[in-house]
Amino acid sequence: MSTITLRKSTASIVLEKKNLKNVSARVGLVLDISGSMRKLYREDVVQEVVERILAVASQFDDDGSLDVWVYDNEFSRLPAVTEKDFKDYVNRNILNNDSIHKFGRNNEPLVMEDVIRKYTEEEQSKEPVFLVFINDGGCKPGIKKFIVESSVKPIFWQFVGIGNSNFDVLKKLDTMEGRFIDNANFFHLDEIEKVSDEQLYNLLLNEFPSWLKEAKEKEII
């Protein structure tokens, strides 16, 4: 049995436990590609992250596709990834792609603005968006503007901090004021590659169900 098949099975079990089996959602993944992430790209940790999140997307999305962005001080929208083409996705579309700006400094607001643009202007829908945002520290305080503004939109931001850097901005998400509803969550993993798929999916989907409930009540979705 292939790794992606096993991961889909694990994701399915976690979704069932959280009463998410019949939920339809678009799934996006934003990947930090600032200089401090270089080692994780070279050692295929990021490739594995793509595969692990794709397994979740395959449960939520009719065509099983995962939208992908990378960002440092610039950002790029990448081709959506599916089960047909996930192998070597990171090397093919990021590391070996000279048009992708990589290993600079991080600037989250730019890519967040593009995520919101895609899902609320270019592809308008009331279908919920589950957006996984990988960051290895030093997140810009400017993210608050976009989280607050998108709190009336069908987007849930799941931030994942990796490594041992400074996550002060992301740690304040739960107490962020000015939002229509709480639309963001954060957790931190020192080494994401050492966390089991089941643990990761449980953490990723911890607050999404409560957001879905409130977003339906407030007629956002």
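Which residues of helix 8 (residues 197-204) are buried? They are Asp197, Leu200, Tyr201 and Leu204. This is a predicted model.

**Helix 8**
- An α-helix has 3.6 residues a turn, so residues three or four places apart point the same way.
- The buried residues of helix 8 pack against helix 1 (3-17), helix 3, strand 4, strand 5 and strand 6 (184-189).

**Nonpolar cores**
- In soluble globular proteins, nonpolar side chains tend to be buried together.
- Here the largest nonpolar core has 56 residues.
- Leu31, Tyr41, Phe60, Leu204 and Phe208 have the most contacts inside this core.
- Helix 3 (residues 45-60) gives the largest share of the core, ten residues.
- Another core lies apart from this one and has 24 residues, including Val30, Ile116, Met176 and Phe186.
- Phe60 touches Leu15, Leu20, Val23, Ser24, Ala25, Val27, Phe130, Leu205 and Phe208, leaving out residues up to four places away in sequence.

**Aromatic rings**
- A pair of aromatic rings is described by the distance of the centres and the angle of the planes.
- The model has 13 aromatic pairs.
- Trp69 and Tyr119 form an edge-to-face pair, because their ring centres are 5.9 Å apart and their planes are at 65°.
- Trp69 is in strand 2 (residues 66-71) and Tyr119 in helix 5 (residues 108-122), so this pair ties together parts 50 residues apart in sequence.
- Trp69 counts as buried, at 0% relative accessibility.
- Tyr119 also counts as buried, at 1%.
- Phe130 and Phe156 are stacked, because their ring centres are 6.4 Å apart and their planes are at 5°.
- Phe130 belongs to strand 4 (residues 129-135) and Phe156 to strand 5 (residues 155-162), so their pair ties together parts 26 residues apart in sequence.
- Phe130 is buried at 1% relative accessibility, and Phe156 is buried at 0%.
- One aromatic cluster is formed by Phe60, Phe130, Phe156, Phe208 and Trp211.

**Charges over rings**
- Arg38 has its charged end over the ring of Phe103, 4.3 Å from the ring centre.
- Lys218 has its charged end over the ring of Phe180, 5.1 Å from the ring centre.

**Glu51**
- Glu51 is part of helix 3.
- Its relative accessible area is 11%, so Glu51 counts as buried; the cut-off for buried is under 20%.
- Its side chain makes a polar contact with the side chain of Arg7, at 3.0 Å.
- Glu51 is in contact with Thr3, Ile4, Arg7 and Phe86, leaving aside neighbours within four places in sequence.

**Leu212**
- Leu212 sits in helix 9 (residues 208-217).
- Leu212 counts as buried, at 5% relative accessibility.
- Leu212 touches Leu20, Val23, Pro128 and Ile221, not counting residues up to four places away in sequence.
- Leu212 and Asn202 are ten residues apart in sequence, and 16 Å separates them from C-alpha to C-alpha.

Terms used. Residues are numbered from 1 along each chain as its sequence is written. This is a predicted model: local features need pLDDT of at least 70, side-chain atom pairs count only at pLDDT 80 or more; totals for chains, interfaces and linings use all residues. Side-chain values use heavy atoms; hydrogens and water are left out. A nonpolar core is a set of buried Ala, Val, Leu, Ile, Met, Phe, Trp, Tyr and Cys residues joined through side-chain atoms within 4.5 Å. Buried means under 20% relative accessible area, exposed over 50%, partly exposed in between (1.4 Å probe, protein chains only). Helices (H or I, at least four residues) and strands (E, at least two) are DSSP runs, numbered from the N terminus. Contact means heavy atoms within 4.5 Å. Rings of Phe, Tyr and Trp (its six-membered ring) pair if their centres lie within 6.5 Å; planes under 30 degrees apart count as stacked, over 60 as edge-to-face and the rest as tilted. A charge sits over a ring if NZ of Lys or CZ of Arg is within 6 Å of the ring centre and within 35 degrees of the ring normal. A polar contact is a pair of N or O atoms within 3.5 Å; within protein, one must be able to donate a hydrogen and the other to accept it, and residues adjacent in sequence count only if both atoms are side-chain atoms.
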